[in-house]
Amino acid sequence: MAIYKNRIDLHMHTESSFDGHYPAELMCEAAVKNELATIAITDHFDVDFFEEHRLDSRQKSSYEDIISAKEKFSGKIKVLRGIEMGQPTYDLPLTEKSLARFEYDFVIGSIHNLRKTPDFCELDYQNLTQDEVYSLLEKYFEEELILAKWNGFDTFAHLTYPMRYIVQSGRFNTDLSRFDDVTDEIFKTLIANGKALEINTSGLRQPIGKTMPTENYVRRFRELGGEFLTLGSDAHFTEHVGAGIDEGYAIAESCGFEYVTYFENRKPVQVKIEK
Ligand SMILES: [Zn+2]
Ligand SMILES: [Zn+2]
């Protein structure tokens, strides 16, 4: 049983993502079963992997599947037309052209890799030193600041993404507080532009065991004046739709948020946090 009412889950992938597995309809079915009121389907669009991921056709199939699922589930659950733009700042003309191709409700901005570098999930952590890890993280947060300043998204996803893999490697004891200046600047940029921060709950079911970002960042975002918060399971399987969302709500509440937010036609809609 869900603890919170009118729950949202605004981050999930279908078989139209290179790493997805299920059609949009089955993700929607799982969302209804898991007592969600609003979901966004947000297939990957990693601009710097346009050819490798065959994004021209995947983007089209994703959008078409979302539209037909949206119609099929109308009255049962609100299905938002989303997309996860990965590394959009690495090719802005392609990003802008691709976003203009369809009418999206909701755009996630995220970074999974440094420029011309594999995804953080593919790096060989066994051969890295702690200093090298810090240097990668420094570059990562610099790229995230550039992403925040670009501002062409609605929510800023998984702020601390590399930690998922750094912690998983079991080799490091990484303290992110040395990056507080840049993460503050990212938050101030999001806030000035009226953008949302995402609590990504996928880490709760992975070795890292925590949301991305963790509660201390959500609290800091609030302290600096953050108003919009989205929640996302980042499900790639039907069984993960809605996973960790109640924990995400509890974090939002404990950090002083009274609302979570979804986006429709790229505009924020506030949903009261209620048990
Ligand atoms: Zn992502
Ligand atoms: Zn994702």
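Here is a walk through the fold, from its overall dimensions to a few individual residues.

The model is predicted, so local features need pLDDT of at least 70 and side-chain atom pairs count only at pLDDT 80 or more, while totals for chains, interfaces and linings use all residues. Residues are numbered from 1 along each chain as its sequence is written, with chains lettered from A and ligands numbered from 1 in the order in which they are written.

Let us begin with the whole protein. It has eight helices and nine strands, where helices (H or I, at least four residues) and strands (E, at least two) are DSSP runs numbered from the N terminus. The C-alpha trace spans about 50 × 45 × 35 Å along its principal axes. A compact globule of 275 residues would have a radius of gyration near 19 Å, and the 17 Å of this protein agrees with that; the radius is taken over C-alpha atoms, and the rule is 2.2 Å times the number of residues to the power 0.38.

Now to the interior. Buried residues make up 45% of the 275; buried means that 20 or more other C-beta atoms, placed from the backbone, lie within 10 Å of a residue's own, with 12 or fewer counting as exposed and anything in between as partly exposed. Of the contacts with a separation of 6 or more, 79% come from residues 24 or more positions apart, a contact being two C-beta atoms, placed from the backbone, within 7 Å. The largest nonpolar core has 69 residues, and Met27, Ile39, Ile41, Phe156, Leu229 and Ala252 touch the most other members. Such a core is a set of buried Ala, Val, Leu, Ile, Met, Phe, Trp, Tyr and Cys residues joined through C-beta atoms within 7 Å. Beyond four places in sequence, Phe156 touches residues including Gly109, Ala148 and Leu190.

Gly109 leads us on to Leu147, which touches Pro88, Thr89, Gly109 and Ile111 when residues up to four places away are set aside. Leu147 sits in helix α4 (residues 130–150) and counts as buried because it has 24 C-beta neighbours inside 10 Å.

Strand β4 (residues 106–110) holds Ser110, which is buried, with 25 other C-beta atoms within 10 Å. Among the residues that Ser110 contacts are Gly86 and His158. His158 lies in the loop between β5 and α5 and has a positive phi of about 25° although it is not a glycine. Gln87, in the loop between β3 and α3, is another non-glycine residue with a positive phi, of about 50°. Elsewhere, a cis peptide bond joins Met212 and Pro213, with omega about -5°.

Finally, look at how helices pack. The axes of α4 and α6 (residues 180–192) come within 9 Å and cross at roughly 10°, so the two are roughly parallel. Phe141, Leu145 and Ala148 of α4 are among the residues making this contact, as are Val182, Ile186 and Leu190 of α6. Helices α1 (residues 24–33) and α2 (residues 55–72) pack at about 40° with axes 9 Å apart, and are therefore oblique to each other. Axes are lines fitted to C-alpha atoms, for helices over the stretch in contact, with angles from 0 to 180 degrees between N-to-C directions; under 35 degrees is roughly parallel, over 145 roughly antiparallel, 65 to 115 roughly perpendicular and the rest oblique.
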